[in-house]
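Student: I would like a close look at a single part of this protein. Please take one residue and go through its surroundings step by step.

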Amino acid sequence: MASWNSIQLEITYRVLGWMGFACWSVGGYPQVILNFRRKSVVGLSFDFVLLSLTKQSSYLIYNASLYFSSAVQKQYWEKYGYEQMIPVAVNDVAFSAHAVLLTAFVLFQIAIYERGTQKVSKIAIGIVVAVCSGAAVCVFLALPTHSWLWLINIFNSIQVCMTVVKYTPQAFLNFVRKSTDGFSLGSYLLDFSGGVANYAQMTVLAIDQDSWVNFYGNMGKVLLSLISIFFDLVFMCQRFLLYPSKKAPIPPPPPQIISKDKESLEPLLQSSSDHPLKHTV
């Protein structure tokens, strides 16, 4: 089993990993808070949320299996060499578990808050059904030969494809509405930061081991980071360049109403001054 060659790089690796965890995990909360404050999920793509849950579940299966299962780890070392380090860290498992729970909570918000005319598309439902059916077939294929590494790599590939698919509906919805209102700015800014941190983490491991095996050994994490960065840049362009948010100005109070009130009060004041009140005993 491989070990770290530099303590400084090991510390940097762990710091970057937890930075990525913090950014990607906290990045989901602005949308939750925005939904709660508005008591509405109008402007949030329901396809985006459903596909996200499918994607995060696949990523959790991959990370947890490679991090905890000794059988999967043995197959990984047999394929890539016993001198290589397992390219999944504890922060990867923590992130994917947290993401599944948070995305499920957003689905709960969709169920209870104002939705307008929005609904989950038949295309998104069809994609999820196809992915789940394909994953089930792969499980049965892997059982006789105990090809666990092959199986979890299938789930890793699923999460990469679902990452591309899940971002597309939100970008398309912003394009159709010509607005990013209802889609939290903080979410994709933190998502962008998390993508950069996770890619940097993989790079630090490669530098320490003087090998790029961890990149293609966990290509899913590398592609996840790059795809997230790309789409977050698209969302930033939509937000700040193409469809900037415009706040409606607060209108000043109408002057006619004020002048009419003054005019209506003047005769009353004059009459009261011309006819002083007489007190009787």
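Tutor: What follows is a walk around one glutamine, then a look at another helix and at the confidence of the model.

The model is predicted. The residue to look at is Gln-159, which lies in helix H7, residues 148–177. Is Gln-159 buried or exposed? Its relative accessibility is 0%, so Gln-159 counts as buried; the cut-off for that word is under 20%.

Now take the side chain of Gln-159. It makes a polar contact of 3.1 Å with the side chain of Asn-156. Leaving out residues up to four places away in sequence, Gln-159 touches Lys-55, Ser-58, Tyr-59, Gly-220, Lys-221 and Leu-224.

Another helix, H8, covers residues 185–209, 25 residues in total. From first C-alpha to last, H8 reaches 37 Å, close to the 36 Å expected at 1.5 Å a residue. Just after H8 comes Asp-210, with a positive phi of about 55°.

Finally, confidence. The protein chain has an average pLDDT of 85, and 87% of the residues score at least 70. Helix H6, residues 122–145, has the highest confidence, at 94, while helix H11, residues 255–274, has the lowest, at a mean of 51. Where pLDDT is low, predicted coordinates should not be read in detail.

Conventions
Residues are numbered from 1 along each chain as its sequence is written. This is a predicted model: local features need pLDDT of at least 70, side-chain atom pairs count only at pLDDT 80 or more; totals for chains, interfaces and linings use all residues. Side-chain values use heavy atoms; hydrogens and water are left out. Helices (H or I, at least four residues) and strands (E, at least two) are DSSP runs, numbered from the N terminus. The expected span of a helix is 1.5 Å times one less than its number of residues. Buried means under 20% relative accessible area, exposed over 50%, partly exposed in between (1.4 Å probe, protein chains only). A polar contact is a pair of N or O atoms within 3.5 Å; within protein, one must be able to donate a hydrogen and the other to accept it, and residues adjacent in sequence count only if both atoms are side-chain atoms. Contact means heavy atoms within 4.5 Å. pLDDT is the predictor's confidence in each residue, from 0 to 100.
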